[in-house]
Number of protein chains: 2
Amino acid sequence: MIRTTHAGLRQSVLRRYLRSKSTLAPTIKEQISASPPIGSTLEVRGFVKSIRNSKNVGFLDISDGSTSKIINVVLVGREQPRFQVGESVCVRGEWSASKGKGQDKELKYNPENPNHSYEIIGEVPEDYPLQKKATSMSFLRTLPSLKHRASTIASFYRLRSFLETQMMDFFNNHSFTKVTPPLITSSDCEGAGETFEIKQADDFFEKRAYLTVSTQLHLEAISLALNRAWTLAPCFRAEESKTSRHLSEFWMLEAEISYLNKLEPLLSFTEEMIKSVTRSLVERKKEYLEGTYLDQEVIESRWSSILGSDWRRLTYHEALEELNKQGANLEFGDSLNLVHERALAENGPVFVTDYPASMKPFYMLKSLSYNENEPTVACFDLLLPQFGELVGGSLREHDYDTLIESMREKSMNLEDMEWYITLRKCGTIPHGGFGMGWERFVTYLSGHDNIRDLVPFPRAPGLCKA
Amino acid sequence: MIRTTHAGLRQSVLRRYLRSKSTLAPTIKEQISASPPIGSTLEVRGFVKSIRNSKNVGFLDISDGSTSKIINVVLVGREQPRFQVGESVCVRGEWSASKGKGQDKELKYNPENPNHSYEIIGEVPEDYPLQKKATSMSFLRTLPSLKHRASTIASFYRLRSFLETQMMDFFNNHSFTKVTPPLITSSDCEGAGETFEIKQADDFFEKRAYLTVSTQLHLEAISLALNRAWTLAPCFRAEESKTSRHLSEFWMLEAEISYLNKLEPLLSFTEEMIKSVTRSLVERKKEYLEGTYLDQEVIESRWSSILGSDWRRLTYHEALEELNKQGANLEFGDSLNLVHERALAENGPVFVTDYPASMKPFYMLKSLSYNENEPTVACFDLLLPQFGELVGGSLREHDYDTLIESMREKSMNLEDMEWYITLRKCGTIPHGGFGMGWERFVTYLSGHDNIRDLVPFPRAPGLCKA
């Protein structure tokens, strides 16, 4: 920290310091992609990830987290500076061709070269927990401030950022507008008990207010006006689920599409969305998943199962038949559990459609196959191998009378939902959409299993660290 | 709604309907950008925006909200179909060169042509409120479900989506990772009273939990691990501000940059970020802001003030001197109000830096000009002409002892903030960052003044419709 008590210095120094132009210190990603010529001087900033010393030479790995790439520093000579794992440092040396295996370039620091220098920017205490060897995920979860520096965790973040960029491109290329439905809502649409309520001093909103569990209903209102709209926004669920697949705060990708009369274009669109983003990742595999502890075989198998031939589509009814042939004893109206879901998706992603109306929310359109004994809705769940549900979607009921009827069947308060019902009275349009758990998607593509590790500060029952 | 009770039909129809491939109905944006040849048949879907009938010909404007472009339909002959403003329709006709002024193409519908057809998809009631003439913003605010269909409101949404895409590109090009700090937090960092608390059944999180007012502290932890990180995420403030510049729920763009020793690269970066995104918009002005009721002169003047020469930079101290010369009577430690801010930014955007430490939060680094009589911090506010504050940022205190001292001065609970303080003990790095109200930014560029109109479902004191 720079501090001066020379009040006289103030104006002149400040003027220079405010007016001079300067750029940010380059990241390692920027430095590597600029391909500096061999022999040039490079100043690298980052954390010391590992250290290896021998008599005449020392080795230092430096990473700044901007990329999975690590700078290998060679410390030449007997008089080597002392570093600790975890310190933030700046090393200035010569960019050199490497003699080591598998590394094409390295930074050579020679204490005798007056042009070379190093600085320890931030020290670490002796018990700094993030040593090279001891970084299991369960251990990292105990370090809410520091876990982000672990290479695998940082890879998750970069992967997520990349996938969001690709998703944005995909939706832009498909004529969608990205919008922001509200997260504070006065309607608790999916049923009580799973919703967080907001404490209000002095009746702040003048009505009860909740955190949204899904932005769908509001997104419908917006997307009907824009033809197609999507969002990637936080959702909140007060479920008591302490599993590796649930969070109390998570991001959800939701999309709504107008002029949709049938379910299958929605399935095709969902499939293409996921395949398209996955394809873009295949070319960047090295960049996003190298240098991690993730199982490369799992990654390969997940990606190839996504990119395989057209995904299987079967109705809930067909799913029951298939599962019953395998020894399940399911009747119309029974839920499919995780074991059933995994059995159906054993050989690749599968869309299960047309679930019983009784199992699904009020807003879903009755199926083409609707009949009074076994009423079904035009909906789908996308199930992934060894993973379970990733996406859920449906056509939305666009007919005023039928919507009212469905809401009455579910004993809903029509007055609270007047704003939503109105959409069916004023230039209604057949439409549909879906929601995809964003962390689940990134987790699946990363080859990992626990969505909590994808999230910098996960929130779940009993879990609100920092 | 299609409904059948023929149970026998079920399997065969369903199989076809699930397995056939088909694409989505094209949006008007897609149709126009495909440049269909004159004479081709086109099927257009959208809302009827306006109608003009004469004896031998009728005119219909159709918009689907995917673009600001409107399809002009010419209804040929005496036997014209009857439409109502607000109906959702599908019209199939011939893509023709227009005889009208200023319109190069139109869709010709001829009832005698067997290849032409139309369908009224969704009717409107007689009192449908969104007629061509009567759409003031204050009127639209009374229509939470339908206002999105007004051309100016829809333009805001498309503009916002475009700007987010450009911002993503900008940050990707500058080696940033987009991340998601938590929105539910156990620390109330900016002081009590402005924070919403979450109601918890059965002590859900096992501690009190709040909605974040700024993701900065968590973003610091993440960005230190990645060198640079940014987020665009909702923030929540329980302020009793019922102004056109405040919302209880808004989106904030926040960025944190490591290895930053001085304030001025942060100012340059902020300036370049805003200029870069604005430049990309200039080329697309017609696409995003035509067909709206926005004042084109205001838009031009705002854009040119942003894109003008280097923005002025002055310290809080210099700002006081300047304002006092103009007759203000300000002393060190006084706040600048909106009138002061607008005076300083009269001729263009201005960075005001180095505010008194007493006015700013604990985490800001002491200024280069710090002295014990007039202690200041290395921070900035970006003020815009006729608008006020858009961005606030600072260097963050990275020294452990000094941070503790600042926290003690502000009587903070050190135990709650242990996770944050730890960052200064473990490989600390000089760093800084800023936050920008996303709706304010989009509003400013749109030429509009009220940020509430930019938001599909605005939340403010007493305002939580739908």
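Tutor: We begin with a definition: a polar contact is a pair of N or O atoms within 3.5 Å, and within protein one of them must be able to donate a hydrogen and the other to accept it. Please keep in mind that this is a predicted model.

Student: Which side chain does the side chain of B:T180 join in a polar contact?

Tutor: B:T180 sits in chain B, in the loop between β7 (177–178) and β8 (184–185). Leaving aside neighbours within four places in sequence, B:T180 is in contact with residues that include A:W251, A:P456 and B:T231. The polar contact between side chains, at 3.5 Å, joins B:T180 to A:R160.

Student: Is B:T180 buried or exposed?

Tutor: Buried means under 20% relative accessible area. The relative accessible area of B:T180 is 8%, and therefore B:T180 is buried.

Student: Which element gives the most to the lining of the largest cavity?

Tutor: A search of the whole structure finds eight cavities of 30 Å³ or more, and the largest cavity holds about 130 Å³ of space. Its lining has 18 residues, and among those closest to its centre are A:K49, A:S151 and A:R158. In chain A, β1 (41–53) and α4 (151–173) each supply at least two residues of this lining. With four residues, the element that gives the most is α4(A).

Student: How many residues of the lining of the largest cavity are charged?

Tutor: Asp, Glu, Lys and Arg count as charged. Beside four nonpolar and eight polar residues in this lining, the number of charged residues is six.

How values were computed. Residues numbered from 1 in each chain as written. Chains lettered and ligands numbered in written order. Predicted model: local features only at pLDDT ≥ 70, side-chain atom pairs only at ≥ 80, totals over all residues. Heavy atoms only, no water. 1 Å grid on protein atoms, 1.4 Å probe; cavity = no way out; pocket = protein on both sides within 12 Å on 5 of 7 lines; lining within 4 Å. Points joined across faces, edges and corners; volume = space filled by probe spheres on them. Buried < 20%, exposed > 50% of the residue type's maximum accessible area, 1.4 Å probe, protein only. Contact = heavy atoms within 4.5 Å.
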